[in-house]
Amino acid sequence: MLSKENTVIGFIGIGVMGKSMARNLMKKGYSVVVYNRTKEKAADLLQEGAAWAASPKKAAEKANVIITIVGYPKDVEEVYLGENGIITNGKENTYVIDMTTSTPSLAKKLFEEAKSKKMHALDAPVSGGDIGAREAKLSIMVGGDKEAFHDMLPIFEILGTNIVYQGPAGSGQHTKMCNQIAIASNMIGVCEAIVYAEKAGLNPENVLKSISTGAAGSFSLTNLAPRMIKGDFDPGFYIKHFIKDMKIAMEEAEKMGMETPGLTLAESLYSRLSALGQDELGTQALYKYWQQ
């Protein structure tokens, strides 16, 4: 069992969510080494006491727990299995935790590659966006060996409040697909409700007071609908990353012979926004579809 005193955490991916997650680990007294392709994004963490690693390889040399939250499956594969990758260069008994939303098949591959190097791999994607990351209230869904999950539970508990072991390698990623499928159709409903309220001449903020705590209540209605009303489309979660997630879910569903009409519609609407150059906005910018 690792203690806080003999644990060095490598954190790779200092983005909208990663920065807050790394900061929360530092606040709890962990030694944290960070790597990001753009060093400037980590500047404030370095000022607050984080150490810098010039590559994933350098992070793997310094840390015995490594957390990654990057962009796409191809980024995950490069970070772990590339020439300067974590598994390629990591030490025995290192715990590697990928919190990126990626493919279940890649999660299984990383698990096997890590196991061959006597390392412990977990797939642990998260939900909760920038708010959940900042407030340490993420939902964390974990796949991999149960013993490794229990070893890492004290770290997960610093990052989130809803932490569930889902099963063997890949199970965390499959669970995240369930999460994204549920969000996709719900986001359409949230946008339609706000637009309907506006067209009916209602005060949408008052409408939210009535519907957000009733049967229609959801994270998106409570946290993202107010941003829509204010015209705040800054990303808590990028459209480009949500499209990536939806496409993974659609591919996995197709393999299982399952139809996903709600997911397919949501992906098509977001792809229209992407074609208009809206990729860097938050998912709440789906509201803009009705403003075209």
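Me: Is Ser-212 buried or exposed?
Reply: This is a predicted model, where local features need pLDDT of at least 70, side-chain atom pairs count only at pLDDT 80 or more, and totals for chains, interfaces and linings use all residues. Residues are numbered from 1 along each chain as its sequence is written, and side-chain values use heavy atoms, with hydrogens and water left out. Buried means under 20% relative accessible area, exposed over 50% and partly exposed in between (1.4 Å probe, protein chains only). Ser-212 has 19% relative accessibility, so the label is buried.

Me: Within what arc do the buried residues of H6 fall, seen down its axis?
Reply: The buried residues of H6 are Pro-104, Leu-106, Ala-107, Leu-110, Phe-111 and Ala-114. They line one face of the helix, because looking down the axis of H6 (directions taken from the helix axis to the C-beta atoms) they fall within an arc of 160°.

Me: How far apart are the end C-alpha atoms of helix H6?
Reply: The expected span of a helix is 1.5 Å times one less than its number of residues. For the 13 residues of H6 (residues 104–116) that should give 18 Å, which agrees with the end C-alpha atoms being 19 Å apart.

Me: Which residue forms a salt bridge with Asp-75 at 3.7 Å?
Reply: A salt bridge here is a side-chain nitrogen of Lys or Arg within 4 Å of a carboxyl oxygen of Asp or Glu. Asp-75 is buried at 12% relative accessible area, while its partner at 3.7 Å is Arg-37. The pair joins distant parts of the chain, 38 residues apart: Asp-75 in helix H4 (residues 73–81), and, in the loop between strand S2 (31–35) and helix H2 (43–47), Arg-37.

Me: Which residue meets Arg-227 in a salt bridge?
Reply: The N to O distance in this bridge is 3.3 Å, and the partner of Arg-227 is Asp-130. The two sit 97 residues apart, linking helix H11 to helix H7 (residues 129–134). Both are buried, Arg-227 as well as Asp-130.

Terms used. Helices (H or I, at least four residues) and strands (E, at least two) are DSSP runs, numbered from the N terminus.
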